[in-house]
Amino acid sequence: MLSSQENKECLGMRVVHYEAECPANVLELVGRLFPAYQVDGGRVYLAGCRWEDRPFFCFRREQEGRAEEIWTNDHFQPLSPQQLHQLALHPAHRIPAPPPYAPAGVANILQQAQQWAEALFVPNGYLGETEIAAVWCRFVEGKLRFTIGSASADLSFSGWASSLTPPPFLCPSTGRATFHLAATDDGRILDASAVGRCELTGRRLPVDELVRCSWTGKVVDKSLIYFCSISGQPILRTELRPCTVCQQKVSPAFLQQAVCSACRALHPVCKADPRMARILAEYPTLDRWYRWQLAETRAVYIAVASGLWKKLLLVVDKETLELRHLATGHRLQTHWRPVEPRQYCFALRE
């Protein structure tokens, strides 16, 4: 039997360098990445790039006419067949020395490879020649920058240059992955399908900031929208019309002869009604009125009190019970006289 030291002397250790096929320069790299993106009204360019050649090791030996290969990464962890396929280490071409982007301390890494081969083969009694193939694969990381006008957005990428594919851009508005980008007028770069145009102002905005007006059918900036007090449906503020009774601005769809559907639906109610009880608890001076009519919308109560000759109209916020409108009238007349807000206290006591 040969000693362990004699085995090491018999074992030939040759480190041979190979380079996996991959983009050789920045032009080849961007030629693989840039065509994947469509940037409406803008462009994509490389905002930074760094590469480093990292070795994968293939330990080859022949024994009894049979070749054996063991693949590892630079930390000498075995690679699975799937990893080998993903890394695209084949084909590779021979190079005389480590490539120019090899990491610092490459001599130490190669020495560790030899030690690993000795630990793998010598104890098993293998006395033949072992070739250590250092297959260098380029790892690249960088940043793509998309610019549309004065707006810009960055997208980081990293991976093995031999198998690098363009990463999708994640839309900050929808979270969707996309390769088609567009910009809003306020400088946000988004998935192109998430950008729409206000039919009133022409401004380009995220689609979740656009609303369809229930009256005109136009898709518009939601800042131009109000929600109808009666239906709760979105409507352009400019399309709202005031009810001549309660003065609430509503969609024209709910007006007849300038009176809203809520005011047309006023019906008698007793003071014990929970809605009336809330109003009377907030405004106790109203308890002197005996005859009441009530209607409500999504936002307000509309209450009418009637006396022998006088009548009183209140529009009360359903949530806060704040008076939104107050008017007085005569039982034999249909029109109302609005009360100035500073006169509310006096009118409620009359």
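Contact here means heavy atoms within 4.5 Å. Aspartate 317 is found in strand S25, and with a relative accessible area of 12% it is buried. For that word, buried is under 20% relative accessible area, exposed is over 50%, and partly exposed is in between, using a 1.4 Å probe and protein chains only.

Before I go on, a word on what you're looking at. This is a predicted model, where local features need pLDDT of at least 70 and side-chain atom pairs count only at pLDDT 80 or more, while totals for chains, interfaces and linings use all residues. Residues are numbered from 1 along each chain as its sequence is written, and side-chain values use heavy atoms, with hydrogens and water left out.

So, the whole chain. It has seven helices and 27 strands; those are DSSP runs numbered from the N terminus, with helices being H or I of at least four residues and strands being E of at least two. How far does the C-alpha trace span along its principal axes? About 125 × 45 × 35 Å. Of the 350 residues, 43% count as buried.

Now back to the neighbourhood of S25. Six strands make an open sheet here, in the order S22-S23-S24-S25-S26-S27, with antiparallel pairing. At the edges stand S22 (267-269) and S27 (337-338); each has a single partner strand, so one side of each is left without a neighbour in the sheet. Two strands count as paired if DSSP finds at least two bridges between them. In general, strands of a sheet pair through backbone hydrogen bonds, either parallel or antiparallel.

Let's walk through the pairs. S24, residues 300-306, is joined to S25, residues 310-317, by seven bridges. Within that pairing, serine 306 has lysine 311 as its bridge partner. On to S25 and S26: seven bridges again, running antiparallel, with leucine 313 partnered by alanine 327. The hairpin of S25 and S26 has five residues between the strands, and leucine 321 there takes a positive phi near 65°. Then S26 and S27 pair over two bridges, in a hairpin with six residues between them. Alanine 327 stands opposite proline 338 in S27.

Is S26 largely enclosed or left open? Six of the eight residues of S26 (323-330) are buried, so the strand is largely enclosed by the rest of the structure.

Lysine 311 deserves a stop of its own. It lies in S25 and is buried, with a relative accessible area of 13%. Where does its side chain go? The side chain of lysine 311 reaches the backbone oxygen of glutamine 333 at 2.7 Å. That is a polar contact, meaning a pair of N or O atoms within 3.5 Å; within protein, one must be able to donate a hydrogen and the other to accept it, and residues adjacent in sequence count only if both atoms are side-chain atoms. Setting aside neighbours within four places in sequence, the contacts of lysine 311 include Trp289, Ser306, Ala327, His330 and Trp336.

What lies across the sheet? Helix H6, residues 274-282, lies across S22, S23 (291-296) and S24, running at about 110° to S23. Axes are lines fitted to C-alpha atoms, for helices over the stretch in contact, and angles run from 0 to 180 degrees between N-to-C directions. Which residues of H6 are buried? Arg275, Met276, Ile279 and Leu280. They cover an arc of only 125° around the axis, which puts them on the same side of H6; the arc is that of the directions from the helix axis to the C-beta atoms. The buried residues of H6 pack against S22, S23 and S24, while the face turned away carries the exposed Pro274 and Ala281. At the N-terminal end, aspartate 273 caps H6, with a side-chain oxygen 2.8 Å from the backbone nitrogen of arginine 275.

One last stop, elsewhere in the chain. Alanine 182 sits in strand S10 (residues 180-183) and counts as buried at 0% relative accessibility.
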